Amino acid sequence: MTLSAHDTTETQTRNQICEITGSEVTSSELLAVHSARALAGRNVVFAGHGLPTLAVSLAQQTVSPDVEIVYESGVTGAKPPAMPRSISDSILVPGAASVMPMTHLFNYILQGQRIDVAFLGAAQVDKYGNLNSTLIGEDWEHPDSRLPGSGGAIEAMAGAAEIFLVMRRHTPRTFVESLDFVTSPGPKKAAEAETGSMPAGAGVTHVITDLGIMTRFDQDEELTLTAVHPGVDPAEAVRQTGWDLQVSSDLETTQSPTQSELTLLRESLDPSRIYLR
């Protein structure tokens with residue numbers, strides 16, 4: 001396959017390693033830092049698998065030292081001595097406030113509306129923050145790709161006060177006008193349905209990507225580009241979105257990761273690069 005000039009430029013941009021405070025910062029490190037910073041002042045956070053796990057651990061050592069981390073596997077108040085390799089890693093148990101069956105966690109913690117922020121990932125997101133983590137393609141029986149499914153995402157969407165997303169790639173394939181499958185409907189989608197119940201919280205309010213940050217302020221509002229990372233042209237974020245992405249009139253530029261944040265990620269939290277791939 002031959003890449004066009006635009007594709008080549010995009011590939012070079014996405015693979016580019018930036019010089020910041022004398023260190024080379026990868027896209028994964030950038031995402032982890034900004035995801036952690038978003039948790040400042042939050043009390044109880046439901047950590048999804050992947051970068052959300054790393055981001056919450058970084059927040060615990062920086063902006064939110066007293067944050068209570070909850071994992072889908074049934075662990076609450078986790079203070080692991082090292083980075084867990086998954087949300088069900090046994091290393092989460094020592095020092096935790098409690099360990100309970102998943103059914104209890106879903107019933108009493110998620111449905112009990114005790115989560116301030118659920119930090120998740122997804123395969124597709126639309127303009128209103130509805131999520132797809134089930135399949136890619138329109139044919140249910142023969143999809144282009146079949147994905148892991150909801151996990152705890154739909155319960156998190158239903159019960160958490162807010163949903164934060166971290167997305168490794170900001171492309172028209174991930175940010176789409178219409179989802180191939182609605183796994184986790186947000187408040188607006190739920191309100192339009194004739195059956196079912198409404199999510200208790202605001203749904204997706206923050207989306208952190210390799211290009212910038214999108215924010216959603218109200219149930220009926222679309223995600224809006226509110227910040228871009230240093231060196232990113234806002235027009236590129238618009239081009240890489242599958243709908244007509246609105247850009248805030250108060251668009252900001254994010255602050256680069258500090259050396260102390262990078263040192264924590266590289267030397268303390270994830271030296272074997274489980275998540276910083």
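Helix 2 and helix 3 lie oblique to each other, in a model that is predicted. Let's see what stands behind that word. Two packed helices are described by the angle between their axes and the distance between the axes. Here, the axes of helix 2 (residues 27–37) and helix 3 (residues 51–61) come within 8 Å and cross at roughly 55°. Angles from 65 to 115 degrees would count as roughly perpendicular and those under 35 degrees as roughly parallel, so this pair is called oblique. The crossing of helix 2 and helix 3 is right-handed.

Which residues make the contact? Helix 2 brings Ser-28, Leu-31, Ala-32, Val-33, Ser-35 and Ala-36, while helix 3 brings Leu-51, Leu-54, Ala-55, Leu-58 and Ala-59. Sorted by class, the contact of helix 2 with helix 3 has 9 nonpolar and 2 polar residues, and no charged ones.

Stay with helix 3 for a moment and find Ser-57, which lies in this helix. Is Ser-57 buried or exposed? Its relative accessible area is 5%, and buried means under 20%, so Ser-57 is buried. Leaving aside residues up to four places away in sequence, Ser-57 touches Tyr-71, Met-83 and Leu-269.

Now turn to the backbone. Most residues other than glycine have a negative phi. Gln-113 is not a glycine, yet it has a positive phi of about 60°. You can find Gln-113 in the loop between helix 4 (102–110) and strand 7 (117–120), and with a relative accessible area of 52% it is exposed. Arg-273 also has a positive phi, near 55°. Arg-273 sits in the segment after helix 8 (259–269) and is partly exposed, with a relative accessible area of 33%.

Technical notes:
Residues are numbered from 1 along each chain as its sequence is written. This is a predicted model: local features need pLDDT of at least 70, side-chain atom pairs count only at pLDDT 80 or more; totals for chains, interfaces and linings use all residues. Side-chain values use heavy atoms; hydrogens and water are left out. Axes are lines fitted to C-alpha atoms, for helices over the stretch in contact, and angles run from 0 to 180 degrees between N-to-C directions. Helices (H or I, at least four residues) and strands (E, at least two) are DSSP runs, numbered from the N terminus. Angles under 35 degrees count as roughly parallel, over 145 as roughly antiparallel, 65 to 115 as roughly perpendicular and the rest as oblique. A crossing is left-handed if the near helix is turned anticlockwise from the far one by less than a right angle, and right-handed if clockwise. Contact means heavy atoms within 4.5 Å. Ala, Val, Leu, Ile, Met, Phe, Trp, Tyr, Cys and Pro count as nonpolar, Asp, Glu, Lys and Arg as charged, and the others, Gly among them, as polar. Buried means under 20% relative accessible area, exposed over 50%, partly exposed in between (1.4 Å probe, protein chains only).
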